[in-house]
Amino acid sequence: MATPSTQQLLQTMQGASEHLSTNDRRDFLRRGVSYVAGAAAVGGATLASATGLTSNLPPNEPQWGRQLGTGVVENPYGLPSRHESQVVRRTVPWLTAESISSISMSPLQDLKGIITPNGLVFERYHAGVPDINPDEHRLMIHGLVDNPLIFTMEDLMRFPSVSEIKFIECPANGGMEWRGPQMEALQFTHGMLSCCEWTGVPLKVLLDAAGVQTAGKWILAEGADGAHMSRSIPMEKILDDTLVVYAQNGEMLRPEQGYPLRLLNPGWEGNTSIKWLRRIEVGDQPWHHREETSKYTDLMADGRARRFTFVQECNSVITSPCPENPIVRKGFLEVEGLAWTGRGTIKGVDISFDGGVSWRPAQLKGLVLDKALTRFSLSTQWQGEPWLIQSRAYDDTGYVQPTLAQLREQRGVNSIYHKNSIHTWQVAPTGEVKNVQIT
Amino acid sequence: MFRLPKSALALALFACAAVGASNSQDYQIGTAATAVEIAGWDIDIRADGKGLPVGSGNAINGEESYEIFCASCHGVFGEGEGRWPVLAGGEGTLADDRPVKTVGSYWPYASTLFDYIRRAMPFTAPMSLDDQQVYDITAYVLYLNDLIGEDFELSQDNLAQIKMPNQDGFFVDNRPDVSNPRCMADCADPASLMIQSSLSGITPIGHFVEGADAPASSHSGQHDLEASKEAERKAAITGEQLVSSVAQKNAVMSAEAIAGEATYKVACGVCHDSGLAGAPKLADTDAWLTRLQQGKEILTIHALEGYAGAKGYMPAKGGRADLSDEAVTNAVLFMVESQQ
């Protein structure tokens, strides 16, 4: 059998795609290039499946209905369909000097609901991912406590467990765009954001076991990795909702997320949720370490800087349409997106199609939880008109997501962190979507 | 991994039953931490100097250590190499359009420097410096910022007394700092809207724009891309024919060297791809030829046991104590034979 040329395959696929539904067609075309590359590499073996595409459509019985599939434990730990290989974390290499101390973003454009699958949770490390043997991992609690303690993982898992759905966001999410739009895709404008069900023990339970002395007002949390990442956390937060977690979305933490143990400060900047947690010291004042002085402080226009800027304020973004998800057909369209607030619960989201001149309320869908991603939706019609589409969330404190102009007026453009402004996508009459800012 | 043997489980159940449920919150879980155990892990230094070890150091002694352990990333004068942090300079720039945030211009406390160097530096071998070296390097970085003289003896008694220029430049978070009314109609004048578009060509967008000539999506991909562009540029000047370097190498490499490539990728490439910590880049044949004059055996010993020289610093096995001697030796052969 002769190897088909790339051109032949593309024509075949184009033809086949005419028979697909709108969504299928879009995905199909988007994947076309990698499909063709793969087919060319293995030669004629895939020709049958490529030319057979129309034969899998009604009224024909598809190929997979006329043969057997693979058996159980073919993949003892299951994998996504091979047709979903484009749904991965991605990085922007020029952001950091090197991948050991860097960040990757979650593919928000491809995610459904509010839970981020474990393999797609965004990554941030300062000395790479350590390979920790849980049998040799310890959590030490000391300082202003009556009984300094060391816990094994087995010890920690004996405590009554709690499971809570919470988002984690890097405070630098969107931080590349203070001066103007830079990134061409949702994954890079907002992808330092994920949401999981976390399982562990409230830190206050562990601190109670150690007996915090009355002078104890802050803790220092420290990681076991090469960065020995350290942050000072005020005791009020710990009494409120800080967790020490060992599991996410039903399984033990992924190494990238701190296996076997991490801190979780719900709604606060991700950097405070120390991964590979090994030590908690109780003290009477903050430590002013590198990650709370040199970094993770917000420089204002006048040269002064905010510190201990813990809360991730109310934010939202439209995930469809977005640059990765252009509109491919006129007619019915569900506009969807994600909203979140570190101060509590999302109360509502408004959507503008005209760059913020007028707004319409969207619906909140599914679970609406404290400090969790919240999905919103608005059903509409699109007839090829150009849009400047925006979402604006508000939370149960009454805080309304601000405009970028308002943030710049207060903070200037050099604060890097905590840019939670209303985001704009420009939808062209072709359905193509671009990242823009309105000034 | 956390599974208890059945007998232990039975014992635990029995113990529960025996104790009863008189106080269900009395967990009695965990082991007392001894003073020795705490001392080994309690590495933090506070702004008031609490936690500083007994000792002292100065910039004169710190210069040599700084050049070995720090200069390859942070620059000889703290000016920063590539995208690595700038340590010195930038005074008076914090309100500028492009502020330069350094130890001298931005950091509020000198203690943070000692704490951070001890816990996380040098990047490739954290926790490997002794207290004397940390005092010396801390003094040298303060000296680079004109905050102490070169013969100032920095110690546990005076480090926290050093007043950093920007100590009073911070204030506690005062957000929410904006109030946006939830306007629903006529919120802006449509004629006044100005649309600013994204810069194109700087986002790795190959995943959704077909045929997009996007930058690579990984650091190693970016490195390869830059290397191949450089090779193309050189070839265009010299008129040389570009040959597939991979095919060329595989033809001449020993089996050990080929086996060493995997180790190189997971361990050595961190520094030898980018030149981090003064490492000779894999692609920098000139740098390797100089080193090769010492012989492969010496290079292998340096890789296994560690080495500090004028160009930079190599911890034993690159800081990867988990690698076998054989894996490291093969990786050295891979790097050496890549130069042929």
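This is a predicted model: local features need pLDDT of at least 70, side-chain atom pairs count only at pLDDT 80 or more; totals for chains, interfaces and linings use all residues.
Local features here need pLDDT of at least 70 and side-chain atom pairs count only at pLDDT 80 or more, while totals for chains, interfaces and linings use all residues; side-chain values use heavy atoms, with hydrogens and water left out. Residues are numbered from 1 along each chain as its sequence is written, and chains are lettered from A and ligands numbered from 1 in the order in which they are written.

Let's start with chain B. It has 12 helices and 7 strands, where helices (H or I, at least four residues) and strands (E, at least two) are DSSP runs numbered from the N terminus. Of its 340 residues, 40% are buried, and buried means under 20% relative accessible area, with exposed over 50% and partly exposed in between (1.4 Å probe, protein chains only). The accessible surface of chain B is about 18,600 Å², and carbon and sulfur atoms hold 55% of that; these areas come from the Shrake-Rupley method with a 1.4 Å probe, and for residues only the protein chains shown count as cover. Take the contacts in chain B between residues at least 6 apart in sequence: 57% join residues at least 24 apart, a contact being heavy atoms within 4.5 Å.

Now for the inside. In soluble globular proteins, nonpolar side chains tend to be buried together. A nonpolar core here is a set of buried Ala, Val, Leu, Ile, Met, Phe, Trp, Tyr and Cys residues joined through side-chain atoms within 4.5 Å. The largest one has 47 residues, and Y66(B), I137(B) and L142(B) touch the most other members. Helices α3 (59–69), α4 (71–74), α5 (111–120) and α6 (131–144) of chain B each supply at least two residues of this core, with α6(B) giving the most, 8 residues. Domain 1 (56–161) and domain 2 (242–337) of chain B both contribute, so the core lies between them; the domain bounds come from an automatic or database domain assignment. Looking past its neighbours within four places in sequence, L142(B) is in contact with residues including A110(B), L113(B), I148(B) and M164(B). A second, separate core of 41 residues includes W178(A), L193(A), L333(A) and L404(A).

On to the rings. Over all chains there are 14 aromatic pairs. Rings of Phe, Tyr and Trp (its six-membered ring) pair if their centres lie within 6.5 Å; planes under 30 degrees apart count as stacked, over 60 as edge-to-face and the rest as tilted. W268(A) and F310(A) have ring centres 4.2 Å apart and planes at 0°, so they are stacked. W268(A) sits in the loop between β11 (262–264) and β12 (277–283) of chain A and F310(A) in the loop between β14 (305–307) and β15 (315–320) of chain A, so the pair ties together parts 42 residues apart in sequence. Both W268(A) and F310(A) are buried. Back in chain B, Y66(B) and Y140(B) have ring centres 5.0 Å apart and planes at 50°, so this pair is tilted. Y66(B) belongs to helix α3 of chain B and Y140(B) to helix α6 of chain B, so the pair links parts 74 residues apart in sequence.

Finally, look at strand β21 (residues 387–395) of chain A, where 9 of 9 residues are buried. Strand β17 (residues 346–352) of chain A runs antiparallel to β21(A), joined by 6 bridges; two strands pair if DSSP finds at least two bridges between them. Here V349(A) has A393(A) as its bridge partner. Strand β22 (residues 424–427) of chain A also pairs with β21(A) in the antiparallel sense, over 4 bridges, and L388(A) has Q426(A) as its bridge partner.
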